[in-house]
Amino acid sequence: MASISANGSRGHHKFTLTVNETATSVTNNTSTVSFSFKIAPIQSGWDWNIKGVSYNIKINGTNYSGTIPSYNGTSTVTLKTGSQTVSHNTDGSKTMAYSFSVTDSTGQSYTSGNASASGNLTLTKIPRKATITTAQNFTDEDNPTITYSNPLGSKANSLQACISFDGSKDDIPYRDVSKTATSYTFVLTDEEREALRKRASTTKTLNVIYHLKRKLF
């Protein structure tokens with residue numbers, strides 16, 4: 001949660017805009033944010049019932065406008081509330097700008113006068129990628145193990161891993177791995193071991209590439 005405030009230029013009233021991140025969606029890479037905009041007295045008794053005081057709120061580029069035709073001068077009053085969905089960057093990060101301005105065209109000494117303020121809110125970074133964290137060296141008789149991270153967990157539709165000899169295809173084919181675990185052991189078939197031996201027939205070592213792929217839907 002974050003808030004910004006500014007006093008009206010006539011010194012009798014204070015405006016505050018509060019923004020709160022209320023939910024995140026890992027699947028959609030979005031956050032839900034709510035906001036409230038309030039007026040409060042600095043000095044009690046400065047009330048009005050006259051047109052000419054308006055405000056504009058901007059949340060992540062979206063504008064919300066309204067008027068303040070009357071104010072009782074003694075209590076905190078909520079002028080506007082709302083919520084919206086905010087899309088994050090491809091890496092899951094997001095810093096959102098928010099601001100407000102009050103324009104007083106009444107020319108009266110008892111109204112608020114003008115006010116404005118702005119700020120930024122860094123939202124929760126939403127996890128995106130599934131990644132391999134370690135990969136085991138192995139012989140043609142071993143069953144190699146990888147460790148991995150899948151921030152989406154069970155929300156992912158599927159998670160699969162393979163071993164490639166040169167990065168271009170799944171020479172040790174993709175197989176399903178647990179979406180909620182952190183390690184997987186390839187139990188190689190006789191055919192897969194033979195493919196490894198054939199690939200390494202002229203060398204004592206073979207560099208392989210592990211691939212981990214995830215589907216969201």
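# Exercises on cores, rings and a sheet

In this predicted model, the largest nonpolar core has 27 residues, and those that touch the most other members are Leu17, Val19, Ile57, Ile59 and Phe100.

**Exercise 1.** Work out how the rings of Phe37 and Tyr55 are arranged, and how the rings of Phe37 and Phe100 are arranged.

*Solution.* The whole structure holds 7 aromatic pairs. For Phe37 and Tyr55, the ring centres are 5.3 Å apart and the planes stand at 50 degrees, so this pair is tilted. The pair links distant parts of the chain, since Phe37 belongs to strand S3 and Tyr55 to strand S5, 18 residues apart. For Phe37 and Phe100, the centres are 5.0 Å apart with the planes at 50 degrees, and the pair is therefore tilted. Because Phe37 lies in strand S3 and Phe100 in strand S9, this pair ties together parts that are 63 residues apart in sequence. Ring pairs link Phe37, Tyr55 and Phe100 with Phe15 into a cluster.

**Exercise 2.** Decide whether Phe37 is buried or exposed, and do likewise for Phe100.

*Solution.* The step needs one cut-off, namely that buried means under 20% relative accessible area. Phe37 has a relative accessibility of 0% and therefore counts as buried. Phe100, at 3% relative accessibility, counts as buried. Tyr55, the other ring partner of Phe37 treated above, is buried.

**Exercise 3.** Describe the open sheet of 4 strands and explain why one side of S1 and of S8 is left without a neighbour.

*Solution.* The strand order is S1-S2-S3-S8, and the pairing is antiparallel. Strand S1 (2-7) and strand S8 (77-87) stand at the edges, where each has a single partner strand, so one side of each lacks a neighbour in the sheet. From one strand to the next, the twist averages 15 degrees. Within the sheet, strand S2 (residues 13-25) pairs with strand S3 (residues 30-41) over 12 bridges in the antiparallel sense, and Thr24 has Ser31 in S3 as its bridge partner.

Methods. Residues are numbered from 1 along each chain as its sequence is written. This is a predicted model: local features need pLDDT of at least 70, side-chain atom pairs count only at pLDDT 80 or more; totals for chains, interfaces and linings use all residues. Side-chain values use heavy atoms; hydrogens and water are left out. Two strands pair if DSSP finds at least two bridges between them. Helices (H or I, at least four residues) and strands (E, at least two) are DSSP runs, numbered from the N terminus. Axes are lines fitted to C-alpha atoms, for helices over the stretch in contact, and angles run from 0 to 180 degrees between N-to-C directions. A nonpolar core is a set of buried Ala, Val, Leu, Ile, Met, Phe, Trp, Tyr and Cys residues joined through side-chain atoms within 4.5 Å. Buried means under 20% relative accessible area, exposed over 50%, partly exposed in between (1.4 Å probe, protein chains only). Rings of Phe, Tyr and Trp (its six-membered ring) pair if their centres lie within 6.5 Å; planes under 30 degrees apart count as stacked, over 60 as edge-to-face and the rest as tilted.
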